[in-house]
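I opened the model today and kept notes as I went. Here they are, in the order I looked things up.

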Amino acid sequence: MSELVTGEAVALELRPARLPSRGLSTLLDLVVALVVYVVVSVALLAATASLDEAARIAVSIAAFLLVLVGGPIAVETLSHGRSLGKAACGLRVVRDDGGPIRFRHALVRGAVGVVEILLTAGVVACIASLVSARGRRLGDVFAGTLVVRERIPAARSGFLPPPPPWLAGRFQGLDLSAVPDGLWLAVRQYLGRMNQLDPQVGWSMAQRLAGDLAARTGVPVPQGVPPAAFLAAVLQERQVREARRVFAGGPYGSPGPYGPPTAYEPPRMYGAPPSPFPSPSPSSSPPVAGPPVPYGPPAVTGPSVPGEIAPPREIGDRPEGAGTGFAPPA
C-alpha cells in the first residue's frame, strides 16, 4: 500500500496496480485499438482506392497515429484515467498526489507508450514496472502519474466493535445533547473502518474525534483510556439512551411486575468478534455476597399466645386441640 500526501497535507492510502493486472488491462486496450484500427484502415483503403500509393501510405500512417496513439490519449483524458481495459480490471490512472489526470498527463503517457509498448512489444514497460517500487512504467514516471486499484475487496461492514467491559456504564451522566449528528456519523464510520486503516493514521483520527467529542460534552477523555475505546463507550451510551427513548412504554423503559427497569444493552450478533480494546488487570477484591435467600415453602405457625412465640410448623400440621371428627370406641 502506498501513502500519498495531497497538497492539503492529507495522507491517502492507495494500492498501486501490479504488473499482472496492468498487463491484462493493456492487452485489452490493445485488442480494442487494433480492431478499431483494422476497421478504419479497411474503410480508408476503400475510400482512397483512386489515389496513388504515396497518398494511401500517408493515410495509413495518419490512421495509425489517430487510432493507436490519439485514441488512448483521448479516452484517458475524457474518462479521467479509466480506459476500457482499466475499467474492466478495476484500475485508474491518477496523479502522484492522488488527483485526476489531465490532457498533458495522458499525452506524455501515450507518447512514451508508443516506444515502450508498441515498438518494443511491451518489454521495456514490463522491465520498468518490475523495477519500480510502485509498479510504474516510464510513461508514468515522466508524466507524474500512478495506476492504482479501485476495486478493493471490501471487509464486512456494519459491525461496530463493543466497548471494553471495564467501561460499561462509566459515561451514564455524560451530556450528549450538544454533539451534532455529523460528529456521530464520523465516529460510527471510524469505528466501522478502524481495522482497515493504517495504525498511525487510525490513532491520529481517534485522537481528533475523541478531542472533538470531549469538547462537545465538556468532559475530557479519562486518563488511561484509549481514544478508540472512549469513542466506542460513548457511542454505546448514546445507543442505550436511544433504546430507552424508543421503548419508553415497553418492558425496557417502564417498571413491570418483576422489578424496576434495567439498562438496555443492544444484543451482540452471533459469531461477532470480541472487543478489540485492551482490558485492565482483574480486580483483586472479592465479590460482595448478598443476603441469603430462603428456599422451600413458607412455614405455617399456630395460634399465638400473648407474650409467647409459637414454634414454626410445617404445612399440613394441625394446631393442638383441633378436632378431627373421629370418636374413639367406648
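**Entry 1: a loop with a positive phi.** I started at His-80, which is found in the loop between helix 2 and helix 3. I take helices (H or I, at least four residues) and strands (E, at least two) as DSSP runs, numbered from the N terminus. His-80 is not a glycine, yet it has a positive phi of about 60 degrees. His-80 counts as partly exposed because its relative accessible area is 42%. My cut-offs are under 20% relative accessible area for buried, over 50% for exposed, and partly exposed in between (1.4 Å probe, protein chains only).

Ser-83 sits in the loop between helix 2 (53-78) and helix 3 (84-89). Is Ser-83 buried or exposed? Ser-83 is at 8% relative accessibility, so I put it down as buried. Leaving out residues up to four places away in sequence, Ser-83 touches Asp-29 and Val-75; contact here means heavy atoms within 4.5 Å.

**Entry 2: ground rules.** This is a predicted model, so I noted how it is handled: local features need pLDDT of at least 70, side-chain atom pairs count only at pLDDT 80 or more, and totals for chains, interfaces and linings use all residues. Residues are numbered from 1 along each chain as its sequence is written, and side-chain values use heavy atoms, with hydrogens and water left out.

**Entry 3: whole chain.** I listed nine helices and six strands in the protein chain. The chain has 330 residues, and 29% of them count as buried. Among its contacts with a separation of 6 or more, 65% are between residues 24 or more positions apart. The accessible surface comes to about 21500 Å², with 63% of that belonging to carbon and sulfur atoms; the areas come from the Shrake-Rupley method with a 1.4 Å probe, and for residues only the protein chains shown count as cover.

**Entry 4: helix 5.** Which residues of helix 5 (residues 123-131) are buried? I found Ala-125, Ala-128 and Ser-129. Looking down the axis of helix 5, I see its buried residues fall within an arc of 100 degrees, so they line one face of the helix. That arc is taken from the directions from the helix axis to the C-beta atoms. The buried residues pack against helix 1 (19-47), helix 4 (103-119) and helix 6 (138-143). On the face turned away from the buried side, helix 5 carries the exposed residues Ile-127, Leu-130 and Val-131.

Ala-121 is exposed because its relative accessible area is 68%.

**Entry 5: Arg-137 and Glu-116.** Arg-137 is in the loop between helix 5 and helix 6. Arg-137 counts as buried because its relative accessibility is 8%. Beyond four places in sequence, its contacts include Arg-22, Val-112, Ala-125 and Ala-128. The side chain of Arg-137 also reaches the backbone oxygen of Arg-109 at 3.3 Å.

Glu-116 lies in helix 4 and is buried, with a relative accessible area of 1%. What does the side chain of Glu-116 make a polar contact with? I found the side chain of Arg-137, at 2.3 Å. A polar contact is a pair of N or O atoms within 3.5 Å; within protein, one must be able to donate a hydrogen and the other to accept it, and residues adjacent in sequence count only if both atoms are side-chain atoms.

**Entry 6: cores.** The largest nonpolar core has 25 residues, and those with the most contacts inside it include Tyr-190, Phe-230 and Val-234. A nonpolar core is a set of buried Ala, Val, Leu, Ile, Met, Phe, Trp, Tyr and Cys residues joined through side-chain atoms within 4.5 Å. Helix 7 (181-193), helix 8 (199-217) and helix 9 (227-246) each supply at least two residues of this core. Helix 9 gives the most, with eight residues. I also noted a second, separate core of five residues that includes Ala-17, Leu-91, Ile-101 and Val-147.

I then zoomed in on Val-234, in helix 9. Val-234 is buried at 0% relative accessibility. Leaving out residues up to four places away in sequence, Val-234 touches Phe-171, Leu-174, Leu-176, Trp-184 and Leu-213.
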